[in-house]
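The sequence and structure come first, and a description follows.

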Amino acid sequence: RTGSWCQADGGWTSNWIEKRGLGQIMLYLLDADTLIRADSTYYPLSRFPIFWVWLGHHGQLHNIKIPVEQYEEIVAGNGELVDWLQDADTASAMILN
């Protein structure tokens with residue numbers, strides 16, 4: 001397992017490469033600021049719901065995850081992003097265990 005930290009779109013992201021079977025899979029860890037900025041500026045949940053469906057889908061595939069500390073930081077607030085993350089299916093797909 002190898003990994004690195006990089007700054008992308010104003011937030012810090014960790015990516016890990018894990019060898020599974022025949023290939024490698026990249027896991028992207030999203031921080032709170034990345035999701036908060038996406039919702040507040042570029043991809044508001046009410047305007048671009050397909051983006052958030054796409055994130056949830058990739059969470060289920062274990063391509064994108066949110067560390068529990070970042071999750072807790074977001075859900076301490078309120079709004080559509082909080083409601084989306086607190087949905088049981090979304091939370092189970094997105095939170096890194």
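## Fold and helix α2

From the N terminus on, the elements of the protein follow the order β-β-β-α-α-β-α-α-α, which amounts to 5 helices and 4 strands. Helices (H or I, at least four residues) and strands (E, at least two) are DSSP runs numbered from the N terminus. The model is predicted: local features need pLDDT of at least 70, side-chain atom pairs count only at pLDDT 80 or more, and totals for chains, interfaces and linings use all residues. Residues are numbered from 1 along each chain as its sequence is written, and side-chain values use heavy atoms, with hydrogens and water left out.

Of the 97 residues of the protein, 39% count as buried. Buried means under 20% relative accessible area, exposed over 50%, and partly exposed in between (1.4 Å probe, protein chains only).

Helix α2 has 12 residues and reaches 17 Å from its first C-alpha to its last.

| Group in α2 | Residues |
|---|---|
| Buried | Trp52, Leu55, Gly56, His58, Gly59 |
| Exposed, on the other side | Ile50, Val53, Gln60 |

Just after α2, histidine 62 takes a positive phi of about 65°.

Phenylalanine 48 is found in the loop between α1 (32–42) and α2 (49–60). Phenylalanine 48 is partly exposed, with a relative accessible area of 31%.

How values were computed. The expected span of a helix is 1.5 Å times one less than its number of residues.
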